[in-house]
Amino acid sequence: MKYLSKLMIVATLVLGLASCKKDNNDDVKPVSLTLKVAFDAENAGYGFTYEKTTVKITNLTTNQTYNTTAAADGTATFASIAPGNYDMSATLAITAADFNAKTGANVQEDVTYNGTLIRQSIVGNSDLSLTLKTGRVGDFVIKQIYYSGSSASNGAIFRDQFFEIYNNSNATLYADSLYFAQVIGNNAVSTRIDQSQGFFQPSGQYDWAKSVNMTSANPNTAFIYAKNVFMIPGTGKQYPVEPGKSIIIAATAQNHQSPFVGADGKAITVKDPSLTVDLSKADFEVYLGDQTNINPLASDVNNPSVTNVTVIENNTNRDLILDNLGRDGLVIFKTTADPKTWPKFATPDDTQLTINTKVYIQVPNQYIIDGVGLQQTVVASRMPKRLPDVLDAGETYVPAGSYSSQSVVRKTSRTVGGRVVLKDTNNSSNDFGFLPKADPSKAATSFIN
Amino acid sequence: MKSIKILFFTLLFPAVVFAQKTTADSLYLFKQDHTELNYIIRSGATLLSSDINRLSTAGINYQQANGHFRTAQQAEKSKALDFGTSGITTLGKFKLYGTFNFKRSWQDSLAWTMQGLPNVAEPYYFAAGKAGKYQRLNYTMGGLATYQLPGEHFYVASGLDYQYNTASRSVDPRPSVQTFHLLVSPELIYKKGRQSIGAGILWGYEHEKNKVSYKNKDFNKGLSYPDRVNYMMMGYGYHTISGDVDNMIRRSKYIGANLNYAYVDSTTTLRTRLAYKKQNEKNSFPLTNSVDNRLFSSFFLHDYAFSFLASQRHTGFRHQLQGEVDYQRGNDRNIELGGVNYRYSSYSAVLDYTIQPLSSSSVNFEFGLNALLYNQQQKDISATHTMDFTYVKPGIQATIYKKYRNADRLKVSVSPAVRLPLSSSFIVPSAQENVFTYNIAYPAYTYYTSTVGNINASVEYTTSHFIKDVRSGFAINSNYYKPLTTGTVYTGSTFIPSKSFLDLSFSFNIYF
């Protein structure tokens with residue numbers, strides 16, 4: 001047994017050495033983050049102070065958020081946060097009086113400055129800068145977007161989608177010739193983008209400067225690129241929208257809670273009507289059944305009592321289909337120009353253009369009245385932000401995700417003489433909430449605080 | 001018909017090639033012999049030290065288990081059917097061992113893990129709360145070959161272990177996992193007289209594809225159905241909802257070294273093995289529209305093991321003592337967090353003593369004492385979860401062997417044991433409790449801090465009457481676990497291990 005004894009000694013020594021306490025210097029440790037907020041060049045000279053700037057960071061793994069307020073010099077410090085990937089945003093509201101006094105302008109509403117940084121990797125103590133910008137505050141605003149659709153097995157899937165445009169001003173506006181468009185962007189999950197391919201911005205969004213035949217200055221910041229563009233028809237004053245009133249634009253203006261006959265003559269039904277909505281009283285609908293270059297969905301049935309919008313650019317879509325995962329963006333704009341004449345570009349990853357290559361209308365930001373960036377619900381699935389900060393500094397999404405019957409809806413800012421003024425700070429993350437079930441009624445039930 | 005013959009021959013290859021004319025069932029029947037047989041195939045040195053030169057078996061085994069006394073990451077019910085062959089033979093200067101096993105298994109009500117091959121140390125895996133039915137296919141092939149070099153004392157040997165495993169289920173979210181695993185372990189052996197000593201190295205590779213998909217669109221990507229949400233676990237508490245990040249590639253490399261020693265004389269045998277193995281695992285996501293992958297984490301696992309098997313014939317008894325000590329420690333490296341977030345360690349120590357009279361009578365007995373000491377620690381730094389539990393499991397064993405006049409043999413064995421929790425702790429601040437805590441960690445802690453009674457019983461019968469001139473036999477084995485006291489139950493825990501757990505197996509074997 002002496003061999004056994006010797007081997008036991010050796011084994012004990014080896015295992016003893018192996019089990020010695022290891023140096024844990026590599027362990028994850030809390031880190032500090034200092035964000036320096038500053039106005040962009042256009043607004044830096046007005047003398048606004050930074051003290052009321054709220055700064056929020058969101059961990060993209062745990063969804064945990066941290067909030068703080070900037071100091072007078074614009075510095076916001078998070079002394080101890082978990083390392084990881086973070087979205088960061090800063091918001092500063094300047095009262096109308098202060099803004100008018102310092103800029104000489106004559107605005108009626110408070111002016112909000114926003115800045116964002118998307119998916120920043122923080123693995124050590126870090127210092128970052130964040131630029132505050134302000135965008136156009138719309139008179140027309142997008143009030144509600146129902147993109148998630150309803151249950152694929154018991155509801156209407158995505159054929160019951162709609163969105164709502166609201167007159168947030170105190171004067172009657174006309175919807176005639178109001179354009180709306182879906183914004184193309186890179187739908188890949190941010191963490192899955194191969195930057196070495198060379199046609200993405202650092203954020204992971206397309207670098208439109210790399211598009212074939214691109215000649216525009218600032219193609220990533222001065223324009224958005226629209227995959228579908230539609231226009232509300234009218235003679236100029238045919239479709240008035242009174243202050244505090246709205247219009248509903250339906251993908252298919254049918255009562256989706258009841259059976260209806262599809263374009264192929266077959267009945268379209270839902271098992272659970274409570275999951276979907278009645279869009280038969282929508283103000284406008286997107287009807288593509290008369291388009292020659294596509295094969296429209298059977299569910300895209302024309303409702304003769306609802307006005308059809310004019311198709312400007314459809315890009316082979318089979319109906320107005322908002323991405324039910326939230327990989328979309330919606331803008332409304334007005335222009336005296338004809339968008340059909342604006343340049344069109346392929347996405348930068350399309351380097352060999354053919355007759356079948358999809359191209360997208362380049363829409364100048366200066367015409368855009370309002371834009372809402374949508375985003376995936378699940379943080380790990382988030383894709384690069386597709387709208388520039390001047391159009392929408394933060395994105396929104398429904399908490400239950402796709403096919404949940406939920407819609408995103410703009411929050412109420414205040415009520416003036418019975419007219420609801422919706423929150424519009426150019427940051428959909430702050431401006432929007434959600435409805436547990438989309439509501440096209442325009443009634444009080446479709447407003448949230 | 002030809003292809004069936006080829007298939008049959010292929011599956012039986014280890015047994016057919018290594019068949020011997022003398023019966024071998026006793027080597028599998030008697031526990032001490034079986035233990036020795038299992039030990040000698042661990043290395044070239046131990047294989048060479050054995051006087052077993054020809055031996056083969058082939059068998060089919062059916063196993064089923066069910067019960068609520070389990071962790072949340074184990075199935076409520078499971079069944080498996082496997083076919084296996086193994087054998088030892090000597091061909092000139094070669095001594096060979098080979099094994100093949102094919103196993104098909106089904107698990108019901110398995111939740112909170114979508115691992116292809118269950119592994120408690122592994123921090124990175126997909127998981128969902130929805131329980132469902134799993135199907136797994138597992139092929140293992142292995143072998144060990146020794147060859148005598150010119151001269152008298154030196155031998156070279158090499159072991160080979162191959163495994164291919166698939167796992168899938170038919171309930172959303174649906175994992176599809178394919179694992180390929182290969183280990184090669186060359187060894188140089190010096191054998192002189194009664195002693196053999198070998199030094200070996202180990203190299204291995206593993207590749208695993210993980211993909212999670214949904215059939216029902218309502219469950220996909222949204223959060224309306226919490227039990228259908230697919231999570232990516234990244235430690236022991238740190239996790240994220242995986243969403244579109246629904247596939248990953250796992251690649252591991254293994255390196256290791258081992259020392260093997262054997263001493264054999266007419267009354268005493270001693271075999272030992274000291275081994276080290278390191279797993280270097282890399283986890284990647286495929287990039288969109290790209291041929292490249294992105295590394296998001298690594299996991300390193302060190303495994304130190306020492307074992308011995310000693311037996312002695314003395315004063316009319318054969319004594320056998322087996323000991324195994326295994327220590328594992330590992331840590332991850334999370335790219336997103338920029339450091340080590342997860343640390344794992346475990347140790348186990350097993351002692352098993354049996355005594356059997358050296359008797360030629362038709363009835364023989366065997367008695368044994370055994371004990372297991374086990375500790376496991378898992379620490380997640382970001383999620384502030386620290387699990388540490390220890391238990392000891394002493395047991396006794398009694399076996400009766402009966403040899404009939406027609407050479408049939410019967411074995412009846414019973415082994416009661418009790419699992420006693422020792423110092424254990426689970427530390428998690430209430431603010432850090434999350435879906436992992438409630439659904440996985442708390443139930444696991446309850447399970448491992450329970451006092452458990454365990455009884456193992458088996459009956460085995462071998463005969464030459466089933467197949468003419470071939471020894472064959474059947475065996476029934478049962479393992480029953482019953483909590484005697486329930487462990488610590490935390491508020492919010494979604495699963496409490498309770499009642500009992502029964503594991504039954506039936507097998508039929510032929511021996512060449």
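What share of the contacts in chain A with a separation of 6 or more comes from residues 24 or more positions apart? The share is 69%, where a contact means two residues whose C-beta atoms, placed from the backbone, lie within 7 Å. The model is predicted; local features need pLDDT of at least 70, side-chain atom pairs count only at pLDDT 80 or more, and totals for chains, interfaces and linings use all residues. Residues are numbered from 1 along each chain as its sequence is written, with chains lettered from A and ligands numbered from 1 in the order in which they are written.

Chain A has 449 residues, of which 46% count as buried. A buried residue has 20 or more other C-beta atoms within 10 Å of its own; an exposed one has 12 or fewer, and a partly exposed one falls in between, with C-beta atoms placed from the backbone. Three helices and 27 strands make up the element count of chain A. These are DSSP runs, numbered from the N terminus: helices are H or I of at least four residues, and strands are E of at least two. Along the principal axes, the C-alpha atoms of chain A fill a box of roughly 100 × 65 × 50 Å.

Chain A is assigned domain 1 (31-132) and domain 2 (140-446). Such bounds come from an automatic or database domain assignment. The C-alpha centres of the two domains of chain A lie 28 Å apart. Eleven residues of domain 1 touch 14 residues of domain 2 in chain A. On the domain 1 side, β5 (84-94) and β6 (111-122) of chain A each give two or more residues. β6(A) gives the most, with six. This side has two nonpolar, eight polar and one charged residues. Here Ala, Val, Leu, Ile, Met, Phe, Trp, Tyr, Cys and Pro count as nonpolar, Asp, Glu, Lys and Arg as charged, and the others, Gly among them, as polar.

Between the chains, 39 residues of chain B meet 42 residues of chain A. Elements of chain B giving two or more residues to its side are β10 (239-241), β11 (247-264), β12 (268-286), β13 (293-314) and β14 (317-334). β13(B) gives the most, with five residues. The chain B side has 18 nonpolar, 15 polar and six charged residues.

Most residues other than glycine have a negative phi, and most peptide bonds are trans. A cis peptide bond joins D172(B) and P173(B), with omega about -10 degrees. P173(B) sits in the loop between β6 (154-169) and β7 (174-192) of chain B. A407(B) has a positive phi, near 75 degrees. A407(B) lies in the loop between β17 (385-403) and β18 (409-421) of chain B.
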